[in-house]
Amino acid sequence: MITNLFSIFDPSTSVTNSFNWLSMLVCFLFFPTTFWVINNRNLRVFKKIFNYIYSEFKPLISKNPQTLLIILTLFIFVIINNVPGLLPYIFTSTRHISITLTIALPLWLAIIIYGWFFNTSNLLIHLIPNGTPTILIPFIVVIETIRNIIRPLTLAIRLAANIIAGHLLITLLTSATPVTPLLGLPLIFSAQIALASLEVAVAFIQAYVFSVLITLYAAERIS
């Protein structure tokens, strides 16, 4: 049971070459075609999403708003991998820490390197919060340093764990359907529909949370 349950997170396939990771590139097959149709429905939706996220994030990083281009791209990339992964037989790459850490670590390193080279004083100021007693300054510096170091790991684990949790619940409900009494099937089906709807919301929320945390980390180093 445990092997079957967690086999849904196995990125390998039965063929010689694994094609599961190619699910991350599916968007490149569909996105170019949307730009051939002027003012089409999909393009309007993405424009509204871009404008909303841009308006939400711009006050956080007003000195370098061009940085938001990377963050908006990251937001759309995470959504594109989260939402289709709820469909059967589609691999969700963002539930693997190897992918989420690959996204979070380079961005975090870029932010840290930029802060040390171009905004060193601001970087050091954030190690000591205002009002910290003098005797506690060494301990606070150590704690803040550790907190900064583990940020990419917490970002990666947060995104992967939330996606995994929902997929596990859906898998558990689906595996319980064949042994459920006939009278209990409506309850199981209702729970599955509710959980699937919740997972769609979680896919968008986790992309938003991941992006806003990256924005906050960048704002600390750039502002």
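Residues are numbered from 1 along each chain as its sequence is written, and side-chain values use heavy atoms, without hydrogens or water. In this predicted model, local features need pLDDT of at least 70 and side-chain atom pairs pLDDT 80 or more, while totals for chains, interfaces and linings use all residues.

**Exercise 1. State the secondary structure of the protein chain and its buried share.**

Step 1. Take the elements as DSSP runs, numbered from the N terminus: helices are H or I, at least four residues, and strands are E, at least two.
Step 2. The protein chain has nine helices and zero strands. From the N terminus the order is α-α-α-α-α-α-α-α-α.
Step 3. Apply the burial cut-offs with a 1.4 Å probe and protein chains only: buried is under 20% relative accessible area, exposed is over 50%, and partly exposed is in between. Of the 223 residues, 34% are buried.

**Exercise 2. Describe the largest cavity and its lining.**

Step 1. A cavity is a set of points, on a 1 Å grid over the protein atoms alone, where a 1.4 Å probe fits but cannot get out; lining residues have an atom within 4 Å of a point. Points are joined across faces, edges and corners, and the volume is the space filled by probe spheres set on them.
Step 2. One cavity of 30 Å³ or more is present. The largest cavity holds about 30 Å³.
Step 3. Its lining consists of W108, I111, I112, N148, R151, Y217 and R221.
Step 4. Sort the lining by element. α5 (97-118) and α9 (185-222) each supply at least two residues. α5 gives the most, three residues.
Step 5. Sort by class. Four lining residues are nonpolar (Ala, Val, Leu, Ile, Met, Phe, Trp, Tyr, Cys, Pro), two are charged (Asp, Glu, Lys, Arg) and one is polar (the others, Gly among them).

Notes. 1 Å grid on protein atoms, 1.4 Å probe; cavity = no way out; pocket = protein on both sides within 12 Å on 5 of 7 lines; lining within 4 Å.
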